[in-house]
Amino acid sequence: MKHLSIVVPNGENNLSSIVGSYKIFSRANAIWKSRGNDELFKIELVGMSENISFHDGLFSVHTHCNITDVKQTDLIIIPSLNHNYEQALRENGPLVKWLAKHYKEGACIASICTGAFLLAATGLLDGKTCSTHWAVEAEFRKIFPKTDLKTDKLITDENGIYTNGGAFSFLNLIIYLIEKYYDRPTAIHCAKVFQIDMDRNMQSEFSIFNGHKKHEDSSIQEAQKYLEKNYQNKISIEALSRKLHIERRTFDRRFIKATGLTPLDYLQRVKIEAAKKSFENTRKT
């Protein structure tokens, strides 16, 4: 029997991705067993604490065992974290080391939404593709610049490491893993029971472009504000760089460093976001 470790990190993190992962994998086990097979996974909630509280103590999770008691595991699922990622990383230092250790010993690891911060802290995502919630793209890139972040993707799969986009898209990741470890009929059955759309593969349709402003380059921040205010007019990037007294090539380089986008790409994203809001808030065709 394989071993599945669903991690319960310290701190008030995301309860739904823990419960959802546990319920869907438990149902997959039951479906698998009903077809004459032995249960495929022993499913355990593992953490550094015996009880972890959520939502100001309204809920709590009782773990099956401490991470130090897990001698071998085949698949590890990291749930979504709260929004204070630096605090979450400080509170879960031993867990980060535990994840790296078990991956090196052969375990596969899947991170849900912002659980990618915990996974990236291991160094295992350096040079690899990764997805997380589109809303934390700028912060993630700043902390983990060696990771090839793909926030448009719903799921990434590389060398036994799986990541996914934000919020309840974790349901698609769990179905993906069930198809990988059980079979497609089991995945389809689970998708039907829990009413999960199996065909989703992008999260870009849900994203809101907020402009990557968490940087210290005041001139580039001024340029961003100008582009966002004047996007409906014809804009010359050359003229904008002169307006800010920055040589064009230097302007492009600084803009890319600060935002991850060229000035033209940034302007295009601003226009697309404006068009999306227009469609959402009006009856325009």
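Visitor: Where does His-102 lie, and is it buried or exposed?
Guide: In this predicted model, His-102 is part of helix α3, which covers residues 93-104. Its relative accessibility is 2%, and the cut-off for buried is under 20%.

Visitor: What is His-102 in contact with, leaving aside its neighbours within four places in sequence?
Guide: With those neighbours set aside, one of the contacts is Ala-107.

Visitor: Let's step back. How many helices and strands are there in the protein?
Guide: The C-alpha atoms fill a box of roughly 70 × 45 × 40 Å along the principal axes. Of the 285 residues, 48% are buried. As for the elements, the protein has 11 helices and 11 strands.

Visitor: Which residues have the most contacts inside the largest nonpolar core?
Guide: As background, nonpolar side chains tend to be buried together in soluble globular proteins. The largest nonpolar core here has 36 residues. Elements giving two or more residues to this core include β1 (2-8), α1, β2 (41-47), α6 and α7 (184-194). The residues with the most contacts inside the core are Phe-25, Phe-41, Ile-77, Leu-177, Ile-178, Tyr-181 and Tyr-182.

Visitor: What does Leu-177 touch, leaving aside its neighbours within four places in sequence?
Guide: Leu-177 is among the core residues with the most contacts. Beyond its sequence neighbours, Leu-177 is in contact with Phe-25, Leu-75, Ile-77, Ala-110 and Tyr-162.

Visitor: How many residues are in the other core, the one with Tyr-85?
Guide: That core lies apart from the largest one, and Ile-78, Leu-124 and Leu-149 are also among its residues. Its size is 31 residues.

Visitor: Are α1 and α6 roughly parallel or roughly perpendicular?
Guide: The axes of α1 (residues 15-34) and α6 (residues 170-181) come within 10 Å and cross at roughly 30°. Angles under 35 degrees count as roughly parallel, so α1 and α6 are roughly parallel.

Visitor: How many nonpolar residues are in the contact of α1 with α6?
Guide: On the α1 side the contact includes Ser-16, Gly-20, Ile-24 and Phe-25, and on the α6 side it includes Phe-170, Leu-171 and Ile-174. The crossing of the two helices is right-handed. The contact has four polar residues, no charged ones, and nine nonpolar.

Visitor: And are α8 and α10 roughly parallel or roughly perpendicular?
Guide: Helix α8 (residues 218-230) and helix α10 (residues 248-259) have axes that come within 10 Å and cross at roughly 85°. An angle from 65 to 115 degrees counts as roughly perpendicular, so α8 and α10 are roughly perpendicular.

Visitor: How many charged residues are in the contact of α8 with α10?
Guide: Among the residues that meet are Ile-220, Ala-223 and Leu-227 in α8, and Phe-251, Arg-254 and Phe-255 in α10. The contact divides into six nonpolar, three polar and, for charged residues, one.

Visitor: Is Cys-113 buried or exposed?
Guide: Cys-113 is found in the loop between β7 and α4 (116-120). Although not a glycine, Cys-113 has a positive phi of about 50°. With a relative accessible area of 5%, Cys-113 is buried.

Visitor: What about His-245, buried or exposed?
Guide: His-245 sits in the loop between α9 (237-243) and α10. His-245 also has a positive phi, near 60°. Its relative accessibility is 74%, and over 50% counts as exposed, so His-245 is exposed.

Terms used:
Residues numbered from 1 in each chain as written. Predicted model: local features only at pLDDT ≥ 70, side-chain atom pairs only at ≥ 80, totals over all residues. Heavy atoms only, no water. Axes fitted to C-alpha atoms, helices over the stretch in contact; angles between N-to-C directions. Helix = DSSP H or I, 4+ residues; strand = E, 2+ residues; numbered from the N terminus. Parallel < 35°, antiparallel > 145°, perpendicular 65-115°, else oblique. Left-handed = near helix turned anticlockwise from the far one by under 90°. Contact = heavy atoms within 4.5 Å. Nonpolar A, V, L, I, M, F, W, Y, C, P; charged D, E, K, R; others polar. Core = buried A, V, L, I, M, F, W, Y, C linked by side-chain atoms within 4.5 Å. Buried < 20%, exposed > 50% of the residue type's maximum accessible area, 1.4 Å probe, protein only.
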